[in-house]
Amino acid sequence: MKFILQGEISFSKDAENAREDLKEFIKEANSELLLRGVPENQKKEGAKITSWNIEGALLKLQIDSGHRVRADDALLRIKKPLGELLGKKYHLGIRKMHVNCYQIIIPTQEGSYNIDMELARSLPQISDFKIEENRVVVELHNLSESELRKHIVNRIIKHVTLEKQEEEESSAEKPTDILTRQVTKATPGEIIARSKKIKPLFKGDPTEEAVKQGWVKKFPGRGQWFYGPQLVALQRALEEILLEEMVYKMGFMECLFPKLIPIPIMHKMRYLEGLPEGMYYCSAPKRDPETFEKFKNDLIINKEVPIDLLKEGLKDPSYVIAPAQCEPFYEFLSHEVVDEKELPIKFFDRSGWTYRWEAGGAKGLDRVHEFQRIELVWLGTPEQTNNIRDESIDLSYEIADKMELEWYNEVGDDPFYLEGRKVEDRGIEFPDVPKYEMRLSIPGQEKGVAVVSANVHGTHFVEGFSIKEARKQNIWTGCTGIGVSRWVFGFLAQKGFDMEKWPEIVKERVEKIRVPKMVTWP
């Protein structure tokens, strides 16, 4: 790659008197400072200030470089020594550095880089994109010093360039799909355990039957339902079994996790890079009585909700509603030091809804936008972490067997924490199998409904949230999500709605309820 940067350095006052010293500084920088760290046989891959001029308090310059010392790094590299030189002799201070135009020339001939052309054209940070013979030219405009220090140039390049091998495997694959195969020692989607065949007691659509019998009613919000007393009674019974037969048996302690998650926490989790379109975002209202007075008056007069006025009264989004439920656990441990003797730390939460935006994927009672879960989270040594995950899966088998449900377990093909991550980003340790997913079979359907997602994260969250062990021992995190709403759906799909035919372990726990009848419903 080649880099051509046209930028400027603003001084605190006219710098014309410093012209000769600047000339000597640039000469020395080109021969030493901008080649520092470059092997002797690769000097062409360093950086060089190829032209410059002083215009009052402005130093305009062009820097050309190869990949060893990129032009943006070179600009940052000269700031401190230049400031020291001019400050002592001329009392000149550097006010700011700015890049007007930055060209990145990327070779595309065989054996070079593959470019995601569509992505490059769509990125708002890329001002111009040209395809030339055996190369593409990317242009970035108006970059601040802050943006350079955040290394956004490197990330843009990395984001739009593809490894040749990855592109050949499947042009439709996401980085997550590729990474999942790289870190998972088993085959994603492979079924590793299965129950015996069990004849279902019900053959219909559980959602349609639940609506017909008045157990649920569709709520106006997409992917939402009003769950009536009968269904809730079943859910509480299943939840009680799951708590007794797994959660308490494994020694997890209950906590109450917040459900409004600040956006910076989601950023540390890497969720914003992988699934920004899969979350609900929350905005707090501004302290602006005048705007809300206009809102109320418009509402009263027009009898319609004035959404535009409402938007004016809201701050920028600052939270998401919990999409994974485990987020607060990692923030709770953030920057804490733990003692290996006290490990593992095992918490669980069952205090509220989990929210995901499924867009067009929402359907029935099995794929909804808000759902109930029990979330198990833990921190321990790698061995402890794997053992806890495996135990949660083994106990899930036993629970399903006691409920006389047909099930199978497969190697997960979409570990949630790999979204947005690429292996080369950081030195993350991954488990051999990041995710197992246990499913209850659905009569008449090839794919069952996922009721347990058991994950080991390696050092992904330990590194992201700066969690340390007192003697620098290796520690990992893990989580098992128990989809209580999904257990209810899978149970009804196999066992139906006649309580008398339900397995005794469930039937004995379901509270008998008399539901008031309405003239118009169900």
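These legends walk through several close-up views of one predicted model.

Residues are numbered from 1 along each chain as its sequence is written, and side-chain values use heavy atoms, with hydrogens and water left out. In this predicted model, local features need pLDDT of at least 70 and side-chain atom pairs count only at pLDDT 80 or more, while totals for chains, interfaces and linings use all residues.

**View 1. The whole protein chain.** The chain has 18 helices and 25 strands. Helices (H or I, at least four residues) and strands (E, at least two) are DSSP runs, numbered from the N terminus. The C-alpha trace spans about 95 × 65 × 50 Å along its principal axes. Of the 522 residues, 48% are buried. Buried means under 20% relative accessible area, exposed over 50%, and partly exposed in between (1.4 Å probe, protein chains only). Take the contacts between residues at least 6 apart in sequence: 75% of them join residues at least 24 apart. A contact means heavy atoms within 4.5 Å.

**View 2. The largest cavity.** The structure holds 1 cavity of 30 Å³ or more. A cavity is a set of points, on a 1 Å grid over the protein atoms alone, where a 1.4 Å probe fits but cannot get out; lining residues have an atom within 4 Å of a point. The volume is about 50 Å³. A volume is the space filled by probe spheres set on the points, with grid points joined across faces, edges and corners. The lining is made by Tyr227, Leu231, Gln235, Leu365, Ser485, Val488 and Phe489. Helix H9 (229-247) and helix H17 (484-495) each supply at least two of the lining residues. H17 gives the most, with 3 residues. By class, the lining has 5 nonpolar, 2 polar and no charged residues. Ala, Val, Leu, Ile, Met, Phe, Trp, Tyr, Cys and Pro count as nonpolar, Asp, Glu, Lys and Arg as charged, and the others, Gly among them, as polar.

**View 3. Two cis peptide bonds.** One joins Leu343 and Pro344, with omega about 5°. Pro344 sits in the loop between strand S16 (337-338) and strand S17 (345-349). Another joins Trp521 and Pro522, with omega about 5°. Pro522 lies in the segment after helix H18 (504-507).

View 4. Asn142 is not a glycine, yet its phi is near 55°. Asn142 belongs to strand S7 (residues 135-144). With 53% relative accessibility, Asn142 is exposed. Glu404 has phi near 60°, again a positive value in a residue other than glycine. Glu404 is in the loop between helix H15 (382-402) and strand S21 (407-411). With 41% relative accessibility, Glu404 is partly exposed.

**View 5. Aromatic pairs.** The whole structure has 17 aromatic pairs. Rings of Phe, Tyr and Trp (its six-membered ring) pair if their centres lie within 6.5 Å; planes under 30 degrees apart are stacked, over 60 edge-to-face and the rest tilted. The ring centres of Trp215 and Trp502 are 6.4 Å apart and the planes stand at 85°, so this pair is edge-to-face. Trp215 lies in the loop between helix H8 (206-212) and strand S10 (216-218), and Trp502 in the loop between H17 and H18, so the pair ties together parts 287 residues apart in sequence. Both Trp215 and Trp502 are buried. Tyr248 and Phe348 also pair edge-to-face, 6.0 Å centre to centre with 70° between the planes. Tyr248 is partly exposed at 42% relative accessible area, whereas Phe348 is buried at 0% relative accessibility.

Definitions and conventions:
On a 1 Å grid over the protein atoms alone, a cavity is a set of points where a 1.4 Å probe fits but cannot get out, and a pocket is an open set with protein on both sides within 12 Å along at least five of seven lines; lining residues have an atom within 4 Å of a point.
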